[in-house]
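Dear colleague,

Please find below the structure that I am handing over to you. My findings follow it, together with the criteria on which they rest.

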Amino acid sequence: FSTGLATPRWNSGMFGTQPDPEAPNDVEFIREVLDRTLEKYPEIDTERIYVTGHSNGSIMTQLIMRKMPERFAGFAPVGAMECSRMKTEAPTDGIKRNVWYTIGEYDGFGISLEGDNPNTLTLKMICECNGLDYDSAKHYSCGIYNNTVIRDADKVPLVQFAGITNFPHTYT
């Protein structure tokens with residue numbers, strides 16, 4: 001489907017296996033924006049910078065999490081899981097990533113953590129990156145919120161997942 005107009009979206013690889021090499025490099029764009037912002041505002045606490053995004057922005061958040069994790073304190077992708085569209089390898093750079101995934105029940109593949117669906121594949125990938133045991137996950141439910149928390153040896157919740165019952169892809 002094409003309207004002949006450019007679609008404003010991140011070059012995150014959401015519609016393929018990797019970002020389009022012919023399109024702008026959005027990871028480098030984010031890096032440049034961050035560098036310029038920190039140069040202009042040196043009082044910013046660089047240990048408290050977070051990144052989030054919804055849908056294609058979620059995939060971009062996860063790409064940034066893989067490509068430049070040292071620049072951010074945490075990541076909060078919403079509405080799409082990276083391993084749903086591509087086979088993503090766990091980063092092996094030794095950098096721990098603090099991440100909280102959120103997804104609605106009607107986000108295309110649901111909120112299930114059963115089997116090898118996009119949710120479990122993505123959580124297992126980031127657990128591997130963080131040196132965590134996916135099988136040690138604790139599950140909690142509170143109303144429409146179904147939370148999964150995976151902690152490190154010091155009980156720090158490095159990986160969290162919130163599946164929201166009866167929620168659509170588009171949030172208000």
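Helices (H or I, at least four residues) and strands (E, at least two) are DSSP runs, numbered from the N terminus. The model is a predicted one, in which local features need pLDDT of at least 70 and side-chain atom pairs count only at pLDDT 80 or more, while totals for chains, interfaces and linings use all residues. Residues are numbered from 1 along each chain as its sequence is written, and side-chain values use heavy atoms, with hydrogens and water left out.

The largest pocket

A pocket is defined on a 1 Å grid over the protein atoms alone, as an open set of points where a 1.4 Å probe fits, with protein on both sides within 12 Å along at least five of seven lines; lining residues have an atom within 4 Å of a point. Grid points are joined across faces, edges and corners, and the volume is the space filled by probe spheres set on the points. The largest pocket has a volume of about 160 Å³. Its lining comprises 13 residues, and P19, N25, V27, L63 and K67 are those nearest its centre. Helices α1 and α2 each contribute at least two lining residues, and the largest share, four residues, is that of α1.

Helix α2

The twelve residues of α2 reach 16 Å from the first C-alpha to the last, close to the 16 Å expected at 1.5 Å a residue (the expected span being 1.5 Å times one less than the number of residues). Eleven of these twelve residues are buried, where buried means under 20% relative accessible area, exposed over 50%, and partly exposed in between (1.4 Å probe, protein chains only). The cover over the buried residues of α2 includes α1 (26-40), β1 (50-54), β2 (74-78), β3 and α3; contact here means heavy atoms within 4.5 Å.

Helix α3

Helix α3 (residues 118-130) has end C-alpha atoms 18 Å apart, which agrees with the 18 Å that its 13 residues should span. Ten of the 13 residues are buried, and elements covering the buried ones include α2 (56-67), β3 (99-104), β5 and β6 (157-164).

At the start of α3, a side-chain oxygen of N117 comes to within 2.8 Å of the backbone nitrogen of N119. This is a polar contact, that is, a pair of N or O atoms within 3.5 Å; within protein, one must be able to donate a hydrogen and the other to accept it, and residues adjacent in sequence count only if both atoms are side-chain atoms. Just after the helix, G131 adopts a positive phi of about 70°.

T120 counts as buried because its relative accessible area is 1%. A polar atom of the T120 side chain lies 2.5 Å from the backbone oxygen of G115. Not counting residues up to four places away in sequence, T120 touches L113, E114, G115 and Y134. C127 is also in α3, and its relative accessibility is 0%, so C127 is buried. Beyond its neighbours within four places in sequence, C127 contacts L132, Y134, I150 and V159.

C142 has Y145 of β5 as its bridge partner. Two residues separate the strands of this hairpin, and G143 in the turn has a positive phi of about 65°.

Yours sincerely

Definitions and conventions: Pairing = 2+ DSSP bridges.
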